[in-house]
Amino acid sequence: MIEFQHISKSYHGKPIINDLSFTIHDGEFIVLIGPSGCGKTTTLKMINRLIPMDSGKILINNEDITKKDLTDLRTHIGYVIQQIGLFPNMTVAQNISVVPKLLKWEKEDMDKRVRELLEMVDLPYEEYAHKYPNEMSGGQQQRVGVLRALAARPPVLLMDEPFGALDPITRDTLQEELKDLQQKLNITTVFVTHDMEEAIKLADQIVFMDKGDIVQMDSPEEMLRNPKADIIRQFMGKHTKQNNTIELTCGEIMKTNVLKVDNKRKVLESLELMRSKGTDSVVVVDKTNTYLGIVNIDDLQKRGVPGQTIENIIRNDVITLSTEAHAKEAMDAIQNQRADFVVVLNDKQKVVGIITKGSIARSLSTTLWGENNV
Amino acid sequence: MFDWGMWVRYAPRLMNAILTHFYFVIVSVTIGSVIAVILAIALSRFKKAAKYLMPILGIFQTIPGIVFIGVLFIYIGMRPETVIIALSVYAILPVLKNAYTGIVTVDPALIEAGRGIGMNPWILLWRVELPMALNSIITGIRMSTIYTVSWAVLAAMIGQGGLGEFIYIGINSNMKQFIVMGSIPAALMAIGLGYLIDKVQVKLTPRGLRRN
């Protein structure tokens, strides 16, 4: 548990932090966010005493950090910075071993730990342990930066905009890896960023700061739902604009010329129909156009008995959505559940359309760039 | 110009002069470099003071060697120590300048990372600052070495031998051959030591710090 008790700090008479008090529980992922100059980085660096406070106390597990030996304090707090700060004169293994070495671990223990850590982030020991930082990509370097911080199993991890200098795709991957690691190791993490998206993705609690004060401290969901100040709203607007999903329903993006067959159709007939239309599966309906399921060509060929109807080989495992459903659900189904298509039904369970990858792409491009440019 | 007979006749004496010269260079550069690196470390802790101190030290360098050796000679006498002290003092500045620059230009992010993960100033110096500045320090030592090879000629001025002996004899007796016999080995020594230091520099630079 990390407790901030009435912390104040000023530089040259200009207040940076005003009477800050809050508590971070064990295993929590806290993100400090706010506009530049809000005091978030100062707050972070006071925890490992890189910046001394003017007044107040910080307690880690009820121990006043100013009463602890500096090396002892810092070797038990992982620290990751934006500039990565790997030592260029040391190999990956040496960089990771810095803190264990300060703590006088045995050589074998250090080697074992290096292997273990590299494995956790999919950097094979044989390939990477003896590389130098300048022989790796920025993303790989920062992975090692995180490992260096975790090497001696600190109970607390401080991260100062660690992914700020990485390209968006790498940043995304590293965020996910970090969240995984953090949960696996149950390490109390304090993370500084100015990117609201990042904060929402990672945080258990977001601490929004402005001009040295906490404006709001809440879970990401709560902060999204009830931002307590305009500045937070602005921040979220600025940082989540790209995320605004376009309000489309399944009815709007579906294709309506669905290939349907009656459930009384014979196997060979259906096979012929599908071959001639060049499709792998077909929607099955009854006489009233009510949805029954689908039939695919594999099943027809393997299980279909010539002369019989297709009724026995109808599958029901296809996702169906109503015309009113949000288009995002269809995208989710196709993207995350790897469905080839989704069948769209109206409120009377009649088949009205089908959504495939192609129809999503088409409707997206129409929405984004207009009909003419498609 | 090249009177081989004379080279052969003076070979033992020339050999002796080369060894003496080499000895002066090695000892002075070693002493000078050690003092320089220690000074550089000290100054890098007090950057504000360094801003005023460095130019003052620079003034030393502008005192002609011949004057400095002359003054030392008055106090210490005609002894090898006089030569070594003078040459060491001259060897300091190039190393000091380079080492200081090397240390203070270490990326502040590395210093912060080092402090943040628990390195004390001493460990930070040994494991980060000095290794990062090593290249620059060696460049300074190389400069010092090459200068010192030529400054060591002055040793002969107070009768302490070295290749300067041949040069002074040559000048005093107006015999070019002696001047040549003194200066060619000196030039070769400078080139050879420079080359050697280059090799050492490459060897000591970890792969992660090599530019390629």
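This is a predicted model: local features need pLDDT of at least 70, side-chain atom pairs count only at pLDDT 80 or more; totals for chains, interfaces and linings use all residues.
Trainee: Why is the pair B:Arg207 and A:Glu135 called a salt bridge?

Mentor: Set the value against the cut-off. The N to O distance between the two side chains is 2.8 Å. The rule asks for a side-chain nitrogen of Lys or Arg within 4 Å of a carboxyl oxygen of Asp or Glu. Arg supplies the nitrogen and Glu the oxygen, so the pair qualifies.

Trainee: How many salt bridges does the rule find across the interface of chain B and chain A?

Mentor: The rule finds 2. Across this interface there are also 7 residue pairs in polar contact, both residues at pLDDT 80 or more.

Trainee: What is the buried area between chain B and chain A?

Mentor: About 2,100 Å², with 60% of it on carbon and sulfur atoms. The value is summed over both parts, so it is not the loss of one chain alone.

Trainee: Why quote an area for an interface?

Mentor: Interface size is often given as the accessible area lost when the parts come together.

Trainee: Which residues line the largest cavity?

Mentor: The lining is A:Val121, A:Arg143, A:Val146, A:Phe163, A:Leu174, A:Glu177, A:Leu178 and A:Leu181. Helix 8 (168–185) of chain A is one of two helices that each supply at least two of the lining residues, and helix 7 (138–150) is the other. Helix 8 gives the largest share, 4 residues.

Trainee: How do you know which class A:Arg143 and A:Glu177 of the lining belong to?

Mentor: Arg and Glu count as charged, so A:Arg143 and A:Glu177 are charged. By class, the lining has 6 nonpolar, no polar and 2 charged residues.

Trainee: What is the pattern of chain B along the sequence?

Mentor: It reads α-α-α-α-α-α-α-α-α. Chain B has 9 helices and 0 strands. Its C-alpha trace spans about 70 × 40 × 20 Å along its principal axes.

How values were computed:
Residues are numbered from 1 along each chain as its sequence is written. Chains are lettered from A and ligands numbered from 1 in the order in which they are written. Side-chain values use heavy atoms; hydrogens and water are left out. Buried area is the accessible area (1.4 Å probe) that two parts lose on being put together, summed over both. A polar contact is a pair of N or O atoms within 3.5 Å; within protein, one must be able to donate a hydrogen and the other to accept it, and residues adjacent in sequence count only if both atoms are side-chain atoms. On a 1 Å grid over the protein atoms alone, a cavity is a set of points where a 1.4 Å probe fits but cannot get out, and a pocket is an open set with protein on both sides within 12 Å along at least five of seven lines; lining residues have an atom within 4 Å of a point.
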